[in-house]
Each structure stands twice: as C-alpha cells, then as structure tokens.
Amino acid sequence: MNGSGPGLIEAVIESWRLVIGNAAALARIALVPFLLFIALHRLEAAFEPEGMGVLAWQLLFTVLAAPPAVMLLMPWYRRLLTVADPAMTARPAMWWSVALMLRWVGLDIMVLAALAPVTAMSVQAVAAGGEATPRPDILFIYLTTIIIGFYLFYGRLGLSVPAAAAESDHRYRRSWTATRETGWRIGFAFLLCWMPIQFLAVILGAPLAVEDPTMAMQYFDAALGATFRVVSELLGAAIFAQFYLAQTAPPLEGEW
C-alpha cells in the first residue's frame, strides 16, 4: 500500500480477505439486516408498478433499504476503522448513524439517477411492444459507459460514508477532493468485486425464473437476493475503509 491507498488488485483481494476473515462476526452483525432485506425483496416482488411509476418505486425501496443497510454497515465500518483508532469500538451517537444513512442513500440515489434512462427505455420498449428497443450495439455501449462512469463517480464520493462512521467530515466535496488520485482505483475495485457476485446471482437465480414459482422458490429467491446484497455492501465498505484509512493516516517520516 502506498500513501494514497492500496493498488487496485490489492484492494480487491484485501476486501474479500476482510469479509471472509471476519465471517463469524459478520454473521451476527448481518442477521437482522439480512432478514429485513428478505422482507423488502418479498414486498417489492408483490407489487408490479406500471410505466414510469417503476422509477418512483425504485426510489421508495432505496429509502426503505437504508435502515437495514446502516444496521449492517455502521458496526462493520467501526470494526474496520479500529485498525487506526481503537476508540471506534465504542458505539457512536445516533446522529452519526443518521449521517451515514443519509450519505448511503445519497449514493444509491445517484445509482438510480444514472440508470434512470435505461429504465425509461425499458418502460417505453414494453409499452411499444418491443418496437422502441434500441439497437443491441448501441445499448451495450450506452450501458457500459453508464456503468463504468457511475463506478468512477461513486468512487470519488464514497469516502463520505466511512467518514460518517468515523465521526469525521463526511461532506461529498471532501471525499471528491481526497480521491482526486485514487477515485479510479476505488471505482474499478468496486466493479471487480461486483462482477463475480452478479455472475453468481444470474447463475443461481436462473432456475427460479419460472412463470409460476412456488412459495418456497419465492422465499429462496428473496434469501438469495438478500445474501448478495449483504455481501456486496460488506465488500464495498471494506474497499472504502482501506482508502479512507490511507487518506487519514499521518504522513511517514520524511513525507510532506
């Protein structure tokens, strides 16, 4: 690790190591959030909004997902940050959990904003019976650009979340300035962690994508989605924590 943070592959490997190495503790931390994510998944699946109402529905569930996300992330961040500050073992004041929730929601709303054009195109295509579907090559280029651009942007702003967990300056502007040289590494580290999780989600979820799934299949699908959601959040926090710790570490002797 250098003064500005870990290398790209180093950050990915270390994030998986941290999550796997703390699996027992994380299982206790994640139990209630996991159950709440299952409930949200089932609630979301029970309703099928039409037209542009999908966007409002996605926004609603982003907000509803914030409390279980904070229940999961606050103790995990505090555990990660004890490397630099043993005082992080103490429970933070409620205000800091609220601050973390607001920063987390803000970042996820940016996800929705980035993907809103894709959702709108899908809604229009369904309404037109598929006639409004863009050419596959154009759609691929557009989606690739949006996804990579989003992760790079996400990487620049994401240090605001561990900053809130550390009871420090958690402004997005502060994160943007601090990640001027490392934002691309944070963004691509997220992307590299996200890809195998999404691959597994598609493979394991394929048998459940039937026209009339049984109740057991529906709950298994919800549990699968909640599991991938929890793992993704934990990995993302591990990435952010590594770069946050590097940014806040005191300079070595001889450095300016």
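A nonpolar core is a set of buried Ala, Val, Leu, Ile, Met, Phe, Trp, Tyr and Cys residues joined through side-chain atoms within 4.5 Å, where buried means under 20% relative accessible area, exposed means over 50%, and partly exposed lies in between (1.4 Å probe, protein chains only). The structure examined here is a predicted model, in which local features need pLDDT of at least 70 and side-chain atom pairs count only at pLDDT 80 or more, while totals for chains, interfaces and linings use all residues. Residues are numbered from 1 along each chain as its sequence is written, and side-chain values use heavy atoms, with hydrogens and water left out.

The largest nonpolar core holds 62 residues, of which Trp76, Tyr77 and Leu100 touch the most other members. At least two residues of this core come from each of helix H1 (8-21), H2, H4, H5, H6, helix H7 (160-165), H9 and H10, the helices being DSSP runs (H or I, at least four residues) numbered from the N terminus. H10 gives the most to this core, with 14 residues. Contact means heavy atoms within 4.5 Å, and, when residues up to four places away in sequence are not counted, Tyr77 touches Leu100, Val161, Pro162, Ala165, Gly236, Ala237, Phe240 and Ala241.

The largest pocket has a volume of about 1700 Å³, a volume being the space filled by probe spheres set on grid points that are joined across faces, edges and corners. On a 1 Å grid over the protein atoms alone, a pocket is an open set of points where a 1.4 Å probe fits, with protein on both sides within 12 Å along at least five of seven lines, and lining residues have an atom within 4 Å of a point. Among the 44 lining residues, Asp108, Val111, Trp194, Gln198 and Arg229 are the closest to the centre of this pocket. H10 gives the most to the lining of the largest pocket, with 13 residues.

Seven aromatic pairs are present in the structure. Rings of Phe, Tyr and Trp (its six-membered ring) pair if their centres lie within 6.5 Å, and planes under 30 degrees apart count as stacked, over 60 as edge-to-face and the rest as tilted. Trp95 and Trp96 form a tilted pair, at 6.5 Å centre to centre and 55° between the planes; Trp95 is partly exposed, with a relative accessible area of 48%, whereas Trp96 is buried, at 17%. Ring pairs also link Tyr154, Phe190 and Phe240 into a cluster.
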